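Welcome, and thanks for taking a look at this structure. Here is a short briefing to read alongside the picture.

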Amino acid sequence: MEGCHDAGCEASEIAADSTLALVGCPNVGKSVVFGELAEQYVDVSNYPGTTVDTTLAEFGDYQLTDTPGVYGISAFNEEERVTREIVLEADAVVNVVDATHLDRDLFLTLQLLDMGIPTVVALNMMDEAEAGGIDIDVDALEDALGVPVVPTVAVDGEGTDDLRERIPEATAPETTAVEDYYDELPDELTATRAEKTLLVEGDEPLAREVDVGGVMADGGSAALVEPGLREEIYGGRRSRVQSIADEVQTVTEVEGGIREWLSDLMIHPLTGTPIALAMLGLIFYLIGGVVAQRIVGITEGDIFAQHYNPAVEAFVSDLLPEAAWVDPIEFLLINPELGLLTITVQYVVGVLLPLVLAFYLAIGLLEDSGILPRLAVLTDRGLNRIGLNGRAVVPMIVGVGCVTMAVITTRMVGSRRERLISTALLGLAVPCSAQIGVIMGLLAGLGLVWWFGYLGVLLAVLGIAGLVLDRTLPGEGQALVTELPRLRVPRPGNLLRKTYNRTKMFLREAAPLFAATALVVSALDYVGGLDAIMDGLRPLTSLIGMPADFGQILVLGLIRRDFAAAGMTDMALSHAQIFVGLIVITLFVPCILTMTMILKERGKKSALLMWLGSWVAAFTVGGIAAATLGVLGV
């Protein structure tokens, strides 16, 4: 059916084969509602032209699309633009509202109704509202909104059956709240009610696309209405929200319990900093220590290196005939550097899969418990100095476990500008756990002074690079705007479901990219391309005071960072050369798997600039370090 998006219409029941959009503010339990409603996941992918995740699922006779958490339908950031596009194409919306924040969430609800979007409201977190002394008259709220309102506790599955039954009743009641403003639009404008509502609210991208008198406004002025009209409309909508909230809810003061006490401790700098450091240290220990070192040591070292790879190599060798034309095929499939059926599978399944599972499990725990928003608030001020906000703290910590995985997690950071900065810093100066293990072993033989010197150089590069990127990239940093949900105990079922779906998405995205990369690198190796690269790097090694065969170490680093660090253990180097070499291989270009992911997430131009920037940074800083140590007589 066509959505009831025209002025003055009132939708009938939602027909079969309709498309539904699940819309709500951040931290309202939307993903849990989606998981309860979804019968079969169809697709989890980036929305076209963005890095914002959307999920499509079968739901009875409908198709249900999840959207990013937003506070309004507009185009102020990438998440809102994606949500706007999905809502404009949907036949109806399931609007998830946090029962503890009616005065915030109903703004989005009223905007949907002003747009003429058939809507049904899932009034979620009713248990937390009751615990907080909030009593909501659901029938009165339904009468005030004119659409079905279903109370739910999604984490326990309560109310989701009723929600399924009432979705066909989604309606778009008549409202005149914004119709009077339509007179401000050009008479010759051709647009739906939803588009007109967004236009009078100052949606500039939409204003460039609409049909004005048969002429597309693309490239013209984005202002179809007078400046300031948006705030007038928003002000009126906020007044309506407050009026409805005052009418339907009664709030009784409840004494703050242990949750409120812990929440206050977490966001106060004096107490929150050690708590945050302890939590981040625990995450690093679990992901970078237990999983990356011990579990991956078993899966990669024992299962794949000792059993799987030899079995596959023997099988392929026996299967393929003895002939000259077979040699390149056999090399591509089972070569010891990056064989498609051996080392590539070992990386994806033996290395990345355990890390991905551990990361998504850890993030799910932080999200569902309400700790993640508090961690972002606490670290926001420090990260602001390098152009980031508090959400970037998680990718930086995850990067110490696996930079490839951390690049994916930059999706949570915010604006495209901040994702570029965080990705560049991850690729430049954050060593992964596999590399750190070897580096620490090499530095241990030099002494504690060298270790602090190495750490100081990395922190200095990280800070300087962040400052330069913050001052050179166009645009401004996005302020951290987040609600602090109540601290709660995560539900195991929801946690496992989210971890499974996110991990499946990662493997579906990453495995083909890694396979293609492995084929290209193996082909280069077979024709001697890697040897040529090694010879070309020899002049550069002299600039940093390293022997000529250090070029081989750099080639190994192109494939995988810890290979480069491990390769240095077999070289006869002085203390100063070990120090300089470790700085260079840390700042040198990210490994092929990480670069593949950067290419996918940030695009060709950004990936190329980051790749070239890593070369410049590695040899510049390495050269300065070598010259300084030479001057000092070390």
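Please keep in mind that the model is predicted.

- Salt bridges that share partners join Arg 237 into one network with Asp 114, Glu 201 and Arg 240.
- Which residue forms a salt bridge with Arg 237 with the closest N and O atoms 3.0 Å apart? That residue is Asp 114.
- Asp 114 counts as buried because its relative accessibility is 0%, and the cut-off for buried is under 20%.
- Asp 114 also meets the side chain of Arg 240 in a salt bridge, at 3.1 Å from N to O.
- Here again distant parts of the chain are linked: Asp 114 belongs to helix H3 and Arg 240 to helix H9, 126 residues apart.
- Is Arg 240 buried or partly exposed? Its relative accessibility is 26%, so Arg 240 counts as partly exposed.
- Glu 201 forms a salt bridge with Arg 237 too, and their closest N and O atoms are 2.5 Å apart.
- Glu 201 sits in the loop between helix H7 (193-200) and helix H8 (204-207), while Arg 237 is in helix H9, so this pair ties together parts that are 36 residues apart in sequence.
- Glu 201 is buried, with a relative accessible area of 3%.
- How many salt bridges does the structure hold? The structure holds 15.

- Strand E5 (residues 92-98) pairs with E6 in the parallel sense, over 6 bridges.
- Val 94 has Val 120 in E6 as its bridge partner.
- For context, most residues other than glycine have a negative phi.
- Met 125 is not a glycine, and yet it has a positive phi of about 65°.
- Met 125 is buried, with a relative accessible area of 10%.
- Strand E4 (residues 62-66) is largely enclosed by the rest of the structure, because 4 of its 5 residues are buried.
- Strand E1 (residues 19-24) runs parallel to E4, and 4 bridges join the two.
- Which residue in E4 is the bridge partner of Leu 22? The partner is Asp 66.

**Patches on the surface**

- A negative surface patch is formed by Asp 127, Glu 130, Asp 135, Asp 137, Asp 139, Asp 143, Glu 158 and Glu 247.
- Helix H4 (126-131) and helix H5 (138-145) are the elements that give two or more residues to this negative patch.
- Asp 135, one of the patch residues, has its place in strand E7 (residues 134-136).
- Asp 135 counts as exposed, at 52% relative accessibility.
- Leu 448, Phe 452, Leu 455 and Leu 459 make a nonpolar surface patch of about 420 Å².
- Phe 452 is found in helix H19 (residues 448-472).
- Phe 452 is exposed, with a relative accessible area of 52%.

**A contact across the sequence**

- Arg 491 lies in the loop between H19 and helix H20 (492-526).
- Where the chain folds, Arg 491 and Asp 368 are 7.8 Å apart in space, C-alpha to C-alpha, although 123 residues apart in sequence.
- Arg 491 counts as partly exposed, at 26% relative accessibility.

Notes
Residues are numbered from 1 along each chain as its sequence is written. This is a predicted model: local features need pLDDT of at least 70, side-chain atom pairs count only at pLDDT 80 or more; totals for chains, interfaces and linings use all residues. Side-chain values use heavy atoms; hydrogens and water are left out. Patches are made of residues with over 30% relative accessible area and no salt bridge: like charges are joined within 9 Å, nonpolar side chains (Val, Leu, Ile, Met, Phe, Trp, Tyr) within 5 Å. Accessible areas come from the Shrake-Rupley method with a 1.4 Å probe; for residues, only the protein chains shown count as cover. A salt bridge is a side-chain nitrogen of Lys or Arg within 4 Å of a carboxyl oxygen of Asp or Glu. Lys and Arg count as positive and Asp and Glu as negative; His and the chain ends are not counted. The place of a charge is taken as NZ of Lys, CZ of Arg, CG of Asp or CD of Glu. Buried means under 20% relative accessible area, exposed over 50%, partly exposed in between (1.4 Å probe, protein chains only). Two strands pair if DSSP finds at least two bridges between them.
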